[in-house]
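Read the following account with the sequence and the model side by side. Find each residue as it is named.

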Amino acid sequence: MPQRFFRIWADQLARKDIRPSDKLILMAINNHIGKNGVCWPGINRIAAETGINRKVVLRGIVRLETLKIIHIDRQGKGKSNQYSIVPTSPTEGLVGERKTS
């Protein structure tokens, strides 16, 4: 299995009001986002990638949406929702993002 590198906004990583498990969920969602700014990983995929129980993932996604960290476009029963990350400060970089000089 290829190694994966998850990213998260530095200000989101530092927030005290986001649970550590929710930060992992956020990183997994962010890892799937394409150039169009959306992704649609299923709950089971997020749970497998993070090692977090499915029910905990569901509750974490609700918390992230409530905190306005992610936006969810619900697709209906039996279909994966579309997720997007709500932008933070445009001057903030991602943790792990390489800077070139």
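From the N terminus on, the elements of this protein run β-α-α-α-α-β-β-β. That gives four helices and four strands; both kinds are DSSP runs numbered from the N terminus, where helices are H or I runs of at least four residues and strands are E runs of at least two. The model is predicted, so local features need pLDDT of at least 70 and side-chain atom pairs count only at pLDDT 80 or more, while totals for chains, interfaces and linings use all residues. Residues are numbered from 1 along each chain as its sequence is written, and side-chain values use heavy atoms, with hydrogens and water left out.

Of the 101 residues in the protein, 29% are buried. Buried means under 20% relative accessible area, exposed means over 50%, and partly exposed lies in between, with a 1.4 Å probe and protein chains only. The protein exposes about 7000 Å², and carbon and sulfur atoms supply 53% of this area; accessible areas come from the Shrake-Rupley method with a 1.4 Å probe, and for residues only the protein chains shown count as cover.

Next comes the inside. A nonpolar core is a set of buried Ala, Val, Leu, Ile, Met, Phe, Trp, Tyr and Cys residues joined through side-chain atoms within 4.5 Å. The largest such core has 20 residues, of which Ile 25, Ile 29, Val 57, Ile 61, Ile 70 and Tyr 83 touch the most other members. The elements that give two or more residues to this core are α2, α3, α4, β2 and β3. Its largest share, five residues, comes from α2. Leaving out residues up to four places away in sequence, Ile 25 touches Ile 46, Thr 50, Ile 52, Val 56, Val 57, Gly 60, Ile 61 and Leu 64; such a contact means heavy atoms within 4.5 Å.

Helix α4 covers residues 54-66. At 1.5 Å times one less than its number of residues, this helix of 13 residues should span 18 Å, and its end C-alpha atoms are 19 Å apart, which agrees. Which residues of α4 are buried? They are Val 57, Gly 60, Ile 61 and Leu 64. These residues cover an arc of only 105 degrees around the axis, which puts them on the same side of α4; the arc is that of the directions from the helix axis to the C-beta atoms. An α-helix has 3.6 residues a turn, so residues three or four places apart point the same way. The cover over the buried residues of α4 includes α2 (20-32), α3, β2 (70-73) and β3 (82-85). The face turned away from this buried side carries the exposed residues Lys 55 and Thr 66. Just after α4, Lys 68 takes a positive phi of about 60 degrees.

Thr 50 belongs to helix α3 (residues 43-50). Thr 50 counts as buried because its relative accessibility is 16%. A polar atom of its side chain lies 2.8 Å from the backbone oxygen of Ile 46, and one lies 3.3 Å from the backbone nitrogen of Ile 52. Thr 50 and Ala 28 are 22 residues apart in sequence, but their C-alpha atoms are 7.0 Å apart in space.

Conventions. A polar contact is a pair of N or O atoms within 3.5 Å; within protein, one must be able to donate a hydrogen and the other to accept it, and residues adjacent in sequence count only if both atoms are side-chain atoms.
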